[in-house]
Amino acid sequence: MYAKTASHPLATKGRNHFPPERRPPLIYRLLADEEGEPVAQGELARDRKLALVEAALFAADEPLPLRRLAAVAGLADASEARRLVRKLQSFYNKDGTAFQVEELAGGFQLLTRPEYHPWLVRLRRTGNELRLSPAAREALAIVAYRQPIMRAAIEAIRGVQCGELLRLLMEKGLVRIAGRHDSLGRPVLYGTTKKFLQVFGLKSLRDLPQAEQLRPPADGAGKST
C-alpha cells in the first residue's frame with residue numbers, strides 16, 4: 001500500500017488564517033468567493049457587475065447586444081445591462097481615457113477614440129485594411145439606400161454591369177443575399193450586413209445620411225457677402 005502524503009499547509013488553511021498584517025497570495029484573491037468581494041471605492045470605481053460588463057466588452061471582437069451582454073455578465077436583464085453600459089460610458093467621459101463604448105450594429109463595443117487612430121494604425125499595417133474603389137463604394141451606396149435590391153436595378157442606376165463588384169462586396173462581408181424577388185426567375189435581392197454597420201459606425205440603417213445631407217452646397221453658400 002502507498003503511504004498517504006501530507007497535504008500542503010496552504011491546502012488546509014483558509015484565507016482567514018493568514019496574519020492580519022499580511023495580504024493573502026494572489027491565487028487566494030483570484031479565487032475569493034463573492035462574500036469576500038471588495039467594496040468599490042472612489043468616484044470612478046467599478047463594482048463587480050460593472051467590472052464584468054467592462055471585461056465582456058473588452059473581450060468581444062464585435063458589438064454585443066444587450067441581452068447577450070446580460071447573459072455573459074450574469075445580469076438580471078437587458079435593462080440592467082443598458083444601465084451599466086451608460087454608467088461605464090460616463091466613467092470613460094470623466095476620466096479622459098482613450099476608450100469609449102459605442103452603440104453599433106445593434107449592440108455595444110469598446111473602441112479607442114477616433115483622435116488616436118493616426119497613432120494606432122501603425123500597429124495594424126497588415127495590408128488587410130478595408131479599401132474600396134470608387135466603383136465599389138458607389139455600388140455599396142446603392143445597395144445600402146435601395147435594399148433589398150436586384151442586381152439589374154443596381155446596373156440600371158450605374159449604367160454598367162456590377163456582378164464582380166457585388167461578388168467583391170460579399171467577400172468583404174459588406175453585402176449579403178437578402179432574399180429573392182417575386183418576378184420571373186426569382187432574381188436574387190441584395191442587402192447590407194451587420195459588418196457594414198460596424199465599418200461605417202452606424203447603429204442601424206436609419207442612421208444613414210439623408211439625401212439632403214449628401215447634396216453639395218449651392219454656389220455661393222457659406223460665402224460672406
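The model is a predicted one. Helix H7 spans residues 151-158 and has buried residues. Thr-193 is buried, and so is Ala-81. The surface patch is nonpolar and includes Leu-123.

- Three residues of H7 are buried: Ile-154, Glu-155 and Arg-158.
- They sit on the same side of H7, because they cover an arc of only 95 degrees around the axis.
- An α-helix has 3.6 residues a turn, so residues three or four places apart point the same way.
- Ala-152 and Ala-156 are exposed on the other side of H7.
- The cover over the buried residues includes helix H6 (134-146) and helix H8 (163-171).
- Strand S3 (149-150) is also part of that cover.
- Gly-159 follows H7. The phi of Gly-159 is positive, near 85 degrees.

**Thr-193: a buried loop residue**

- Thr-193 belongs to the loop that runs between strand S5 (188-192) and helix H9 (194-199).
- The relative accessible area of Thr-193 is 15%. Buried means under 20%, so Thr-193 counts as buried.
- A polar atom in the side chain of Thr-193 lies 3.3 Å from the backbone nitrogen of Lys-195.
- Beyond its neighbours within four places in sequence, Thr-193 contacts Gly-173, Leu-174, Val-175 and Arg-176.

- Ala-81 is part of helix H4, which covers residues 78-95.
- The relative accessible area of Ala-81 is 0%, and the residue is buried.
- Leaving out residues up to four places away in sequence, Ala-81 touches Leu-66, Leu-69, Ala-70 and Leu-75.
- Arg-67 and Ala-81 are 14 residues apart in sequence. Their C-alpha atoms are 7.7 Å apart in space.

**The nonpolar surface patch**

- Tyr-116, Leu-120 and Leu-123 make up a nonpolar patch on the surface.
- Together these residues have about 300 Å² of accessible area.
- Leu-123 lies in the loop between helix H5 (117-120) and H6.
- Leu-123 has a relative accessible area of 71%. Exposed means over 50%, so Leu-123 counts as exposed.

Definitions and conventions. Residues numbered from 1 in each chain as written. Predicted model: local features only at pLDDT ≥ 70, side-chain atom pairs only at ≥ 80, totals over all residues. Heavy atoms only, no water. Buried < 20%, exposed > 50% of the residue type's maximum accessible area, 1.4 Å probe, protein only. Helix = DSSP H or I, 4+ residues; strand = E, 2+ residues; numbered from the N terminus. Arc of directions from axis to C-beta. Contact = heavy atoms within 4.5 Å. Polar contact = N/O pair within 3.5 Å; in protein donor to acceptor, adjacent residues only side chain to side chain. Patch = residues over 30% accessible without salt bridge, like charges linked within 9 Å, V, L, I, M, F, W, Y side chains within 5 Å. Areas by Shrake-Rupley, 256 points an atom, 1.4 Å probe, with all protein chains shown as cover. Salt bridge = Lys/Arg side-chain N within 4 Å of Asp/Glu carboxyl O.
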